Amino acid sequence: MSMRAGSATVALVVLALPFASFLLLALVRPLRRSAVAAATVSITAMVAAVVAAFWLSWRATPLALLQSPSRTWSWIPADGGPMATVGVMVDGKSMAMCMLVTFVSLMVQLYSWAYLHDEPRRSLGRYYAYHSLFAFSMLGLVLAPTFLQMFVFWELVGLCSYLLIGYWYDRPAAARAAVKAFWITKLGDLGFVAGIVMLWAAAGTFDFWELFRLAHTNALPVAGMPLIMFLIYLGAVGKSAQFPLHVWLPDAMEGPTPVSALIHAATMVTAGVFLVNRAFPLFLLVPDVLTLIAWVGAFTALLAATMACVENDIKRVLAYSTVSQLGYMMAAAGAQAPDAGFAHLLTHGVFKALLFLGAGIVIHVFHTNDVFRMGGLRGQPWLWVPFVLATLALAGVPPLPGFFTKEAILGGVFEAHLMIPFVMLAVTAFLTAFYMFRVVFLAFFARGLGDSHAHHHVPPLMSGVCWTLAALSVATGVNLARQMLAGGHHEGAPAWLPAFSLGLAGAGIVLAWAMYQRGAIDPARVAAVLAPLDWAARRRYGIDAVFAALYRGALLGFSRAVGWVDRYVVDGLLNVFSAWTLRAGDRLRRLQTGLPQDYLYGVALGALLLFVLAQWRMK
Amino acid sequence: MPLGAYLTLAALVFAIGLFGVLTRRNAVGILLGIELMLNAVNINLVAFARFSGDLGGILFTLFTIAITVAEVAVGLAIVIVIFRVRRTVEADHLDLLRG
Amino acid sequence: MTAEIVAFVGVAVVLLGSSLAVVLTPNLFHSILYLAVALVATGVVFLLLDAPFLFGVQLLLYAGGVVTIVVFAIMLTERLVGRTIRQASRHLINGALLSVAVFAGVAGFLVQAPLAGARPGISGDLTVAVGRALVGAFAVPLELLGVLLVIALLGALYFARSES
């Protein structure tokens with residue numbers, strides 16, 4: 001995939017457009033206060049960025065063998081060459097990500113205009129400013145040629161996430177969720193920055209191309225590499241919501257649904273996967289870490305899938321689903337099949353965004369997130385067709401893209417002989433189909449709730465965006481199908497794998513149909529059979545509680561202790577000194593009686609003292 | 001008489017004058033004590049002048065006497081003004097400089 | 001026992017006695033009178049030290065002028081109050097202790113210092129030499145003294161003026 005490189009100038013244009021939009025909206029207050037103007041600026045910039053990103057990819061030229069796809073400028077000077085550089089790295093991966101980010105951002109911004117129509121004008125301007133900033137940050141992240149620049153944009157993306165999750169900042173739940181997201185990802189980022197610095201200390205450079213060259217020629221010191229790469233992986237753990245730092249993603253659903261579609265489905269959370277992919281030549285040096293990544297990824301996928309089965313909130317289900325799919329992508333990278341994971345990232349980005357936006361439609365119609373309060377939309381296919389298509393893609397049904405990419409991941413994991421992760425991923429595939437169709441049946445086709453007679457009005461912009469994304473998904477799927485039929489399987493994957501994954505998906509769909517549409521199997525009885533699992537899953541396996549206890553207990557306790565020290569020891573010391581000074585001053589003041597005779601006493605005593613001193617000296 | 005005798009005499013008178021300054025309550029009484037102290041100093045000066053053959057001591061004494069007279073005059077004028085304002089010359093009551 | 005020693009002892013006794021009386025007498029007017037005696041005794045000491053001119057100056061200025069001024073002051077302040085101010089003293093013990101200590105300090109120096117035993121001889125009257133010095137080497141201090149006296153006069157006048 002990195003055999004083609006794009007023009008650095010066009011890449012800079014892609015970066016500059018959302019940044020210019022953000023600057024304009026941030027600095028020019030009247031522009032921001034008028035929601036129409038803000039949306040226009042932002043969306044126009046985004047459209048131009050989409051065009052530029054596609055141009056970038058279309059006009060990419062093949063790369064000579066040892067030529068770097070980066071173009072950098074010196075940033076932090078040092079003896080013997082700059083210590084850090086800034087620039088752009090325009091290879092296949094970053095071009096693909098550019099297209100994904102700009103396109104999905106544009107779709108989401110268009111959708112938001114209709115979805116958030118009832119927001120106050122000023123808030124909407126703020127919203128679009130944040131969107132522009134996010135687009136810029138994400139593009140900077142994927143175009144970064146060095147670890148340092150990637151880290152800077154990494155943090156910026158985290159900031160945008162915080163700003164957008166907490167968009168409705170007067171809601172306590174939203175504010176808490178934003179802070180939680182920030183804290184948890186920050187935990188991962190600690191490892192990330194430590195890893196980057198240690199890598200720099202070992203290798204002397206931040207630049208990816210340089211590092212890859214060193215790794216390739218075995219010039220990198222392998223001694224501390226496992227630790228370094230593990231620390232760098234920690235950043236991905238936080239950002240891509242791997243176990244145990246996955247707890248922030250479900251809570252992040254407090255933000256507006258379009259934000260969830262953009263950030264917590266397609267782009268920001270995939271930054272971790274992108275990081276592992278980008279630094280893959282370095283990860284290849286430490287196969288143990290890769291195995292760990294695969295195991296954690298598979299485990300995360302399974303864990304999240306089980307929690308999604310018991311959720312009633314449609315957005316939460318989708319959030320867990322995202323965590324689960326991110327686990328898939330990480331497992332692929334861990335199984336040394338990064339291209340499969342990357343492909344899944346791209347396809348998942350589109351249909352997951354579509355799922356969220358489709359969910360936004362039903363939320364808009366029913367004014368609730370609870371799937372058990374929805375239903376009866378069978379008679380309006382233009383509402384449910386995109387969503388169902390996306391669900392089929394997620395479940396892994398051909399000819400939709402999810403089938404191909406998921407099967408590629410399963411194949412990669414199988415080939416790497418990671419059996420238990422393979423089993424976990426297989427079970428997850430079954431569960432994914434199950435819980436997604438559970439949602440479909442409950443939210444769209446459930447009977448008895450204001451049935452098909454009611455005609456619900458949905459803004460055409462919202463459904464239009466959904467149909468566009470659905471069409472894109474289908475087109476991608478068809479393209480992949482054609483490639484597969486033409487070029488055949490990639491070697492090594494077992495022949496029974498496509499049928500196997502299809503079978504898993506089918507089984508899940510059938511089970512969901514039986515339980516929720518037909519009513520043949522009672523969900524309550526199933527829950528009773530799986531009681532302990534059900535109980536644990538409903539309580540999110542207590543991980544949230546652990547973090548909360550750590551935060552409240554350890555962190556706040558520590559803060560309280562420090563506060564006590566500050567108030568009573570540091571301040572106390574100062575207060576004691578000042579009290580003593582005041583008291584001493586008070587006492588000394590009484591020397592000034594105002595009577596000259598008393599002063600004369602002083603003079604005489606002083607003279608006596610001098611006598612004594614002089615006597616001593618004379619001796 | 002040796003020089004020491006005169007100096008001791010002067011020291012005694014000085015100490016007595018100091019005692020008077022420290023213990024008198026009346027402002028004029030304090031001034032009297034000061035006079036005694038100045039006298040003792042004069043005795044010292046003249047004794048040193050005599051025993052060392054240096055005329056400077058005597059001249060200094062002259063000046064001291066003249067200055068003392070001026071000081072007494074002004075000091076008593078102040079005492080009288082204080083008396084006019086505060087109706088008392090008791091040193092214990094004149095504590096406006098109190099801190 | 002030469003005449004000089006007798007004279008010295010006598011004068012010393014008078015001086016010390018009158019000084020003690022000055023500081024210990026409760027009646028302020030009596031204090032003044034005792035001070036006059038002490039001043040005269042000091043003059044006699046000057047005489048014993050071969051400085052007759054100073055004896056004259058002492059009598060004129062101190063025993064005459066200062067005593068007079070102080071008497072006037074007492075009369076002015078006492079009369080307006082209407083009764084003789086009783087001189088109860090304050091912190092007698094402290095004052096006594098301090099005075100004794102100061103005397104002890106000075107005496108300590110005196111004991112250690114190498115002091116001359118006998119007087120050098122004098123040639124003629126010192127007064128002429130004093131006079132010559134006053135208008136010769138010490139002319140400037142003399143003039144300044146005059147200025148000082150004028151200032152003191154003005155000051156006293158200013159203070160003593162009536163409130164109108």
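**A note before the views.** Residues are numbered from 1 along each chain as its sequence is written, while chains are lettered from A and ligands numbered from 1 in the order in which they are written. Since the model is predicted, local features need pLDDT of at least 70 and side-chain atom pairs count only at pLDDT 80 or more, with totals for chains, interfaces and linings using all residues; side-chain values use heavy atoms, leaving out hydrogens and water.

**View 1. Chain A has 25 helices and four strands.** Helices here are DSSP runs of H or I with at least four residues, strands are runs of E with at least two, and both are numbered from the N terminus. Of the 619 residues in chain A, 55% are buried. Buried means under 20% relative accessible area, exposed means over 50%, and partly exposed is in between (1.4 Å probe, protein chains only). Take the contacts (heavy atoms within 4.5 Å) between residues at least 6 apart in sequence: in chain A, 81% of them join residues at least 24 apart. The accessible surface of chain A is about 26,100 Å², and carbon and sulfur atoms hold 69% of that. These areas come from the Shrake-Rupley method with a 1.4 Å probe, and for residues only the protein chains shown count as cover.

**View 2. Chains B and C are built from helices, with zero strands in chain B and zero in chain C.** Chain B has three helices, and 63% of its 99 residues are buried. Chain C has six helices, and buried residues make up 35% of its 164. Chain B exposes about 3,300 Å², with 70% supplied by carbon and sulfur atoms. For chain C the accessible surface is about 9,000 Å², with 75% belonging to carbon and sulfur.

**View 3. A salt bridge joins C:D50 to B:R50.** A salt bridge means a side-chain nitrogen of Lys or Arg within 4 Å of a carboxyl oxygen of Asp or Glu. Here the N to O distance is 2.6 Å. The pair crosses between chains, with C:D50 in the loop between α2 (28-48) and α3 (52-81) of chain C and B:R50 in helix α2 (residues 27-52) of chain B. C:D50 is partly exposed at 27% relative accessible area, whereas B:R50 is buried at 7%. Over all chains, the count comes to ten salt bridges.

**View 4. A:R213 and A:E210 pair up within one helix.** Their closest N and O atoms are 3.0 Å apart, forming a salt bridge. The two sit about one helical turn from each other, because they are three residues apart in helix α8 (residues 208-216) of chain A. Both are partly exposed, A:R213 at 40% and A:E210 at 31%.

**View 5. A:D251 and A:R316 form a salt bridge, with the closest N and O atoms 3.9 Å apart.** A:D251 is in helix α10 (residues 248-251) and A:R316 in helix α15 of chain A, so the pair ties together parts 65 residues apart in sequence. Both residues are buried. They also belong to a network of salt bridges that links A:K180, A:D251, A:E254, A:R316 and A:D544.

**View 6. A:D313 sits in the loop between α14 (287-309) and α15 (314-334) of chain A.** This residue is buried but has no salt bridge, and the nearest side chain of opposite charge, A:R316, is 4.7 Å away. For charge, Lys and Arg count as positive and Asp and Glu as negative, while His and the chain ends are not counted. The side chain of A:D313 does reach the backbone nitrogen of A:K315, at 2.9 Å.

**View 7. A:T368 lies in the loop between α16 (338-366) and α17 (381-395) of chain A.** A:T368 is buried at 11% relative accessible area. A polar atom of its side chain is 3.1 Å from the backbone nitrogen of A:D370. Setting aside neighbours within four places in sequence, A:T368 is in contact with A:I363, A:R373 and A:M374.

**View 8. A:F547 is found in helix α24 (residues 543-589) of chain A.** A:F547 counts as buried, at 18% relative accessibility. Residues up to four places away aside, A:F547 touches A:I184, A:L187, A:P244, A:L245 and A:V247. A:P244 is 303 residues from A:F547 along the chain, yet their C-alpha atoms are separated by 9.6 Å.

Methods: A polar contact is a pair of N or O atoms within 3.5 Å; within protein, one must be able to donate a hydrogen and the other to accept it, and residues adjacent in sequence count only if both atoms are side-chain atoms.
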